[in-house]
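Here's a quick tour of a structure for you to follow on screen. Have a look at it before reading on.

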Amino acid sequence: MIAIAPKPGEVDASHGPILYLESVSVSFDGFKALNNLSLYIDEGELRCLIGPNGAGKTTLMDVITGKTKPDTGSVFFGQTIDLLKLDEPAIAKAGIGRKFQKPTVFENLTVFENLELALATDKNVWRTLFAKLSGEQRDSIDKVLMVIGLSDHRHQIAGALSHGQKQWLEIGMLLMQEPKVMLVDEPVAGMTHQEIERTAQLLLSLQGERSVIVVEHDMEFVRSIAKRVTVLHEGSVLTEGTMDEVQNDPRVIQVYLGD
Amino acid sequence: MMLMDWYRNDKAAVWLMAAIVITVTLLPLGNLVFPADSPLRVTAYSISLIGKYLCYALLGLSLDLVWGYCGILALGQSAFFALGGYAMGMYLMRQIGSRGVYGNPELPDFMVFLNWQELPWYWFGFNQFWFALLMIVLVPGLLAFVFGWLAFRSRVTGVYLSIITQALTYALLLAFFRNEMGFGGNNGLTDFKDILGFNVHSDGVRASLLMVTGLILIAAFLASRSVINSKLGRVVTAIRDQEMRVRFIGYRVELFKLWIFVFAAVLAGIAGALYVPQVGIINPSEFSPLNSLEIVIWVAIGGRGTLYGGIIGAILVNYAKTLLTGWLPEIWLFFLGAAFIVVTVFLPDGLIGLLQRLPKRIPIRKVKAGAA
């Protein structure tokens with residue numbers, strides 16, 4: 001077998017998983033938000049994370065994106081990139097994008113400008129000062145506008161969008177970044193049934209091309225998209241499997257319904 | 001054609017620049033052409049006063065970039081202003097030459113008074129105008145760079161950043177008060193004679209300084225405007241509104257903050273350098289933390305995040321200050337405080353925001369009248 005060595009700084013997912021979290025622990029003032037958690041995400045996989053409030057879902061995303069540094073454990077992106085050595089912009093540049101629980105878009109900029117800022121390009125200060133959009137870049141913004149259904153709102157100020165539209169815009173910003181891994185925190189909160197369906201289609205269409213990790217409370221939604229589900233409880237992985245396996249696991253039932 | 005398009009796109013910018021050009025042309029004419037007893041004569045005092053307002057306008061503009069657009073409430077902007085002023089003051093001191101009270105060709109008067117034997121090393125080069133110009137840009141820029149790099153890299157934000165910027169300017173105030181620093185201590189630098197070989201007190205030089213100040217203000221306004229309209233400007237606005245989000249899209253937030261902070265510091269330094277020859281003195285009181293707070297009030301009253309706001313706010317507030325401190329000096333600070341509160345509570349977008357809301361109402365009335 002001929003192994004093609006990846007260039008330094010490039011993601012090497014040749015062994016299957018693209019994201020490795022091993023024995024990660026985070027505590028805040030003695031409270032263990034993550035407790036010896038291990039998790040592997042495959043390249044191109046769509047994974048759903050569920051778990052009761054306080055299970056550590058958001059902290060987990062914070063660790064992956066560099067917002068929180070764990071007390072112990074290791075986090076690797078592919079075989080070679082140690083995420084614990086990078087800060088948020090470097091992790092974003094390496095190819096991990098994140099959508100927040102509460103939709104966070106730039107409310108004073110237009111929809112188009114929001115996507116323009118997220119566009120995958122050189123984000124150096126001087127280059128940004130003199131940046132001009134190329135025809136190709138315009139096309140890719142137009143394409144994302146189509147995908148997220150905001151083509152008619154391109155010049156609207158993002159603050160004037162509905163809650164659901166803001167969620168979509170934020171997903172659109174993620175797409176502009178062309179990440180290899182997308183972390184999507186509660187994408188359908190506050191959406192109508194139709195919007196939820198379209199979001200499900202969108203996320204499903206991404207798998208294979210990108211790895212997508214979805215945190216969601218809406219079980220119906222999770223059922224409609226998930227192949228593999230990971231249940232978190234008290235900062236560690238309780239169980240992992242298909243939606244049916246997970247839902248019939250007595251430990252999961254106990255965690256959700258209480259004793 | 002281009003001018004017409006431009007006018008349609010940004011009327012306010014064109015009006016503002018036209019107003020500045022007219023001011024800096026007509027006033028010096030009024031001073032130079034009409035005889036002293038003519039009612040149309042503009043006094044030399046007025047020329048310097050307007051020149052001073054325009055320097056403050058540039059200072060207000062610089063704060064609007066950092067505070068209005070990037071959301072950094074920097075309360076040390078006057079430090080950069082004063083440093084630029086000192087750099088210009090040092091050049092003007094060297095221009096005095098042997099015409100000082102002590103007639104020493106090598107040393108400024110205050111150094112002779114302190115029994116200093118030779119010029120400190122950091123005064124070398126200031127007999128050259130180009131060197132002074134370089135320092136006017138470099139010294140404030142470098143201080144802002146080092147300070148900003150340390151503060152933004154450690155992610156110092158909000159009120160903590162405001163406090164350390166106040167501390168910065170206060171520390172400089174104390175340092176410049178000391179005679180041993182070699183900047184004239186308490187009295188600062190004054191008794192200037194010439195600039196580029198021309199008498200600073202002559203009408204011609206005053207008029208030229210006013211014109212130069214006006215032109216530089218316009219240039220700075222246009223430069224700031226193109227920065228704000230660039231992608232960098234949008235990143236900076238985005239940092240103000242959602243700093244975390246900007247990081248997660250892959251921008252190094254600290255470097256963008258640093259860029260705009262240094263740019264604004266350089267503008268403030270230039271404003272200070274233009275201020276000193278027109279006012280005739282620079283002393284440590286320019287570093288006073290209160291001055292920096294006043295700049296914030298100018299920008300708030302004018303309307304932050306607009307670029308015009310900083311300029312118009314600075315001019316109006318300082319005009320009011322001139323009038324009020326003439327009539328009733330003791331109420332000035334109460335007036336300023338009250339104006340600040342009224343603007344913050346009732347006009348969060350300042351006077352510019354008020355003006356922007358006005359024209360929208362008129363067409364609505366017209367439509368109603370047409371329908372009826």
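## Ground rules

This is a predicted model, where local features need pLDDT of at least 70 and side-chain atom pairs count only at pLDDT 80 or more, while totals for chains, interfaces and linings use all residues. Residues are numbered from 1 along each chain as its sequence is written, chains are lettered from A and ligands numbered from 1 in the order in which they are written, and side-chain values use heavy atoms, leaving out hydrogens and water.

## Chain B overall

Chain B carries 15 helices and 4 strands (DSSP runs numbered from the N terminus: H or I of at least four residues for helices, E of at least two for strands). Its radius of gyration is 22 Å against the 21 Å of the globule rule for 372 residues, so chain B is as compact as a globular protein of that length (taken over C-alpha atoms; the rule is 2.2 Å times the number of residues to the power 0.38). The C-alpha trace spans about 80 × 60 × 45 Å along its principal axes.

Of the 372 residues in chain B, 51% are buried (under 20% relative accessible area, with exposed over 50% and partly exposed in between; 1.4 Å probe, protein chains only). Among chain B contacts with a separation of 6 or more, 76% link residues 24 or more positions apart (contact means heavy atoms within 4.5 Å).

## The cores

The largest nonpolar core runs to 166 residues, and those with the most contacts inside it include A:Leu115, B:Trp123 and B:Phe287 (a core is a set of buried Ala, Val, Leu, Ile, Met, Phe, Trp, Tyr and Cys residues joined through side-chain atoms within 4.5 Å). Helix 11 of chain B (residues 253-279) gives the largest share of this core, 17 residues. A second, separate core has 29 residues, A:Ile18 and A:Val63 among them.

What does B:Trp123 touch? Not counting residues up to four places away in sequence, its partners include B:Met90, B:Arg94, B:Phe110 and B:Leu189.

## A:Asn36

A:Asn36 sits in strand 2 of chain A (residues 31-42). Its relative accessibility is 49%, so A:Asn36 counts as partly exposed. Beyond its neighbours within four places in sequence, A:Asn36 contacts A:Ser23, A:Val24 and A:Ser25. A:Ser236 is 200 residues away from A:Asn36 in sequence, yet the two lie 6.3 Å apart, C-alpha to C-alpha.
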